[in-house]
Amino acid sequence: KQIVGLLTKYEGRDKFSKLLQYGARFWMYALLESNPELSGQCKGMFKNMAQARKLFRLFKWINEYKKIVGFMNKPPPGSEIDLLLAILSRIGFFGFWFFDNLFVLAKTKVLLKDHVQYKKPAMYSWFFGDMTSLVIQIRKLSRLNDEKKMIQKSIKDVP
């Protein structure tokens with residue numbers, strides 16, 4: 001029952017596929033000496049599962065779009081700067097998934113373009129999303145530190 005529930009979700013399918021992929025990699029190396037033919041089959045499965053797992057990522061950029069729209073309807077707690085940073089972070093991840101999807105489609109020959117050209121914009125987008133997320137977390141930690149200091153001061157002021 002739990003396995004079926006897991007496999008009906010994207011993350012579950014991806015985790016199961018990852019288990020198969022890296023299980024094949026393990027057997028590829030484990031059988032290298034004793035059974036080179038089966039080791040070769042495991043190598044093929046490992047490589048093909050890596051490609052297959054990429055297909056699960058198609059259209060994941062839609063989730064980021066939904067998050068951006070969600071921020072417009074219900075802003076995260078904090079100032080306008082926090083809202084702007086949250087939106088910029090999601091735009092970065094949106095860009096990553098978008099270019100990653102183009103990469104996958106070009107690599108599988110659905111798009112007749114060189115797949116390599118999409119990798120760099122995807123990585124820059126991911127970096128941008130990560131860095132803005134880091135700024136968000138630093139701002140949260142700073143606010144928590146300020147709260148801690150206020151609480152400590154109020155505790156000291158109580159006789």
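What follows is a chat about the helices, salt bridges and surface of a predicted model.

Colleague: Before we start, what kind of model is this, and how are residues numbered?

Modeller: This is a predicted model, where local features need pLDDT of at least 70 and side-chain atom pairs count only at pLDDT 80 or more, while totals for chains, interfaces and linings use all residues. Residues are numbered from 1 along each chain as its sequence is written, and side-chain values use heavy atoms, with hydrogens and water left out.

Colleague: Which residues of α6 are buried?

Modeller: A122, S125, G129, T132, S133 and I136. Buried means under 20% relative accessible area, exposed means over 50%, and partly exposed is in between, with a 1.4 Å probe and protein chains only.

Colleague: And what do they pack against?

Modeller: They pack against α5, residues 80–107. S89 is a residue of α5, and at 2% relative accessibility S89 counts as buried. Leaving aside neighbours within four places in sequence, S89 is in contact with G129, T132, S133 and I136. Contact means heavy atoms within 4.5 Å.

Colleague: What about α4, which residues are buried there?

Modeller: E64, I68 and F71 are buried in α4. They cover an arc of only 60° around the axis, so they sit on the same side of α4. The arc is taken from the directions from the helix axis to the C-beta atoms.

Colleague: Which exposed residues are on the face turned away from that side?

Modeller: K66 and N73 are the exposed residues carried there. The buried residues of α4 pack against α5.

Colleague: How many residues are in α4?

Modeller: Helix α4 has 13 residues. Its reach from first C-alpha to last is 19 Å, close to the 18 Å expected at 1.5 Å a residue.

Colleague: Switching to charges. How many salt bridges are there?

Modeller: The count comes to 4 salt bridges. A salt bridge here is a side-chain nitrogen of Lys or Arg within 4 Å of a carboxyl oxygen of Asp or Glu. Side chains of opposite charge can pair when their charged atoms come close.

Colleague: Which residue does R90 pair with?

Modeller: R90 forms a salt bridge with E64, and the closest N and O atoms are 2.7 Å apart. R90 lies in helix α5 and E64 in helix α4 (residues 61–73), so the pair ties together parts that are 26 residues apart in sequence.

Colleague: Are those two buried or exposed?

Modeller: R90 is buried, with a relative accessible area of 18%. E64 is buried as well, at 5%.

Colleague: Which residues does D82 pair with?

Modeller: D82 forms a salt bridge with R139, the closest N and O atoms being 2.8 Å apart. That pair links distant parts of the chain, with D82 in helix α5 and R139 in helix α6, 57 residues apart. The side chains of D82 and R143 also meet in a salt bridge, at 3.2 Å from N to O.

Colleague: Last topic, the backbone. Which residues have a positive phi without being a glycine?

Modeller: F59 is one, with a positive phi of about 65°, and K109 is another, at about 70°. Most residues other than glycine have a negative phi.

Colleague: Where are they?

Modeller: F59 is in the loop between α3 and α4, and at 53% relative accessibility F59 counts as exposed. K109 is in the loop between α5 and α6, and K109 is exposed too, with a relative accessible area of 61%.

Terms used
Helices (H or I, at least four residues) and strands (E, at least two) are DSSP runs, numbered from the N terminus. The expected span of a helix is 1.5 Å times one less than its number of residues.
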